[in-house]
Amino acid sequence: MSGTVNVFVVSLDTESERRINPHITVEQLKNKLELITGIPSANQAISIQNSLEDRTLVANLTDDTRPLGYYGLRDWHVLRVDDTNPSTSFTGQLTDVTQVDKFELTDEAYAERTDTVLAYKQRNKVGRFAPSIDTAKPASKVNIDLGSRCEVESSEPGLSKRGTVRFVGPTSFGKGIWVGIEYDEPMGRNDGSVNGDRYFSCRPNYGVFVRPEKVKVGDFPVEEIDLEEEM
């Protein structure tokens, strides 16, 4: 609609976006705002603020005979409507909960009711009333014999890490079952001991501990290293 400006009307109980004709008088505006805010026109004190984000005062509409344009009303200004005599209206009562009687129950009385969220959870075994589920996986049996020849899974293509199983069992450095292996070559990390606890003995850097699933037991002979230079 031409000749109108978009403004925000704000009172204690309301906030809305409106289109206002800047040529109407302050008195005419008050009559319109009474229907919006519920504040009687005679009790309205209207001010113009810069925006919703910037509540800087632009003007107070003190002369009911003046048109709104006289006060420089423009798009997205805020028309702040205050009630100068709230005792004669319902201003603020819609948001004031101090006068509302509260329904309160003791914890014991609440627990005895059958129409509560607590009762629903108890009946349907939801939340803290759900049966506990043991998610721990049962320990699988490890069929790896001491002294077995083995090959350890390697992330490097073409690299075989062969050795002899020297230990199978739990350790103090990690949960579950570990396999201690003495490598044929110095590709390990220790000498069969970790953090001062010895599980088997071998030369330094020949020992390693891995999970059972990374160990393949079989007839894995010691690989011969060809030291002859290629011609």
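Analyst: A polar contact is a pair of N or O atoms within 3.5 Å, and within protein one atom must be able to donate a hydrogen and the other to accept it. Please note that this is a predicted model. Here, a polar atom of the threonine 171 side chain lies 3.5 Å from the backbone nitrogen of glycine 174. The backbone nitrogen of phenylalanine 173 likewise lies 3.5 Å from a polar atom of that threonine 171 side chain.

User: Where is threonine 171 placed in the chain? Is threonine 171 buried or exposed?

Analyst: Threonine 171 belongs to the loop between strand E7 (161-170) and strand E8 (177-183). A residue is called buried under 20% relative accessible area. Threonine 171 is buried because its relative accessible area is 14%. Leaving aside residues up to four places away in sequence, threonine 171 touches Gly176, Trp178 and Tyr199.

User: Which residues does phenylalanine 173 touch, not counting residues up to four places away in sequence?

Analyst: Phenylalanine 173 is also found in the loop between E7 and E8. With residues up to four places away in sequence not counted, phenylalanine 173 touches Trp178, Val194, Asn195, Tyr199 and Phe209. The C-alpha atom of phenylalanine 173 is separated by 9.2 Å from that of aspartate 197, although the two residues are 24 residues apart along the chain. Phenylalanine 173 counts as partly exposed because its relative accessibility is 28%, a value between the 20% and 50% cut-offs.

User: Which strands are joined to E1 by bridges, and in which sense do they run?

Analyst: Six bridges join E1 to strand E2 (residues 15-20), and these two strands run antiparallel. E1 and E2 form a hairpin, with four residues between them. Strand E5 (residues 78-83) is joined to E1 by three bridges, and this pair runs parallel. Valine 9 illustrates both pairings: its bridge partner in E2 is serine 16, and its bridge partner in E5 is leucine 79. Valine 10 stands opposite glutamate 15 in E2.

User: How many residues of E1 are buried, and which way do they point?

Analyst: Strand E1 (residues 5-10) is mostly covered, with six of its six residues buried. Val5, Val7 and Val9 point one way from E1, whereas Asn6, Phe8 and Val10 point the other way.

User: Which residues touch the most other members of the largest nonpolar core?

Analyst: The general idea is a set of buried nonpolar residues joined through side-chain atoms within 4.5 Å. The largest nonpolar core has 18 residues, of which Ile20, Leu29, Ile46, Leu61, Leu68, Leu73 and Leu79 touch the most other members. Two or more residues of this core come from each of E1, helix H1 (26-37), strand E3 (44-49) and E5. Another core, of 10 residues, lies apart from it and includes Cys150, Val152, Ile181 and Val210. Leucine 79, the bridge partner of valine 9, touches residues including Val7, Phe8, Ile20, Leu29, Ile46, Leu61 and Leu73.

User: What does the secondary structure of the protein chain come to, and what share of its residues count as buried?

Analyst: The protein chain has three helices and 12 strands. Of its 231 residues, 33% count as buried. The accessible surface comes to about 16100 Å², with 49% belonging to carbon and sulfur atoms.

Terms used: Residues are numbered from 1 along each chain as its sequence is written. This is a predicted model: local features need pLDDT of at least 70, side-chain atom pairs count only at pLDDT 80 or more; totals for chains, interfaces and linings use all residues. Side-chain values use heavy atoms; hydrogens and water are left out. Buried means under 20% relative accessible area, exposed over 50%, partly exposed in between (1.4 Å probe, protein chains only). Contact means heavy atoms within 4.5 Å. Two strands pair if DSSP finds at least two bridges between them. Accessible areas come from the Shrake-Rupley method with a 1.4 Å probe; for residues, only the protein chains shown count as cover.
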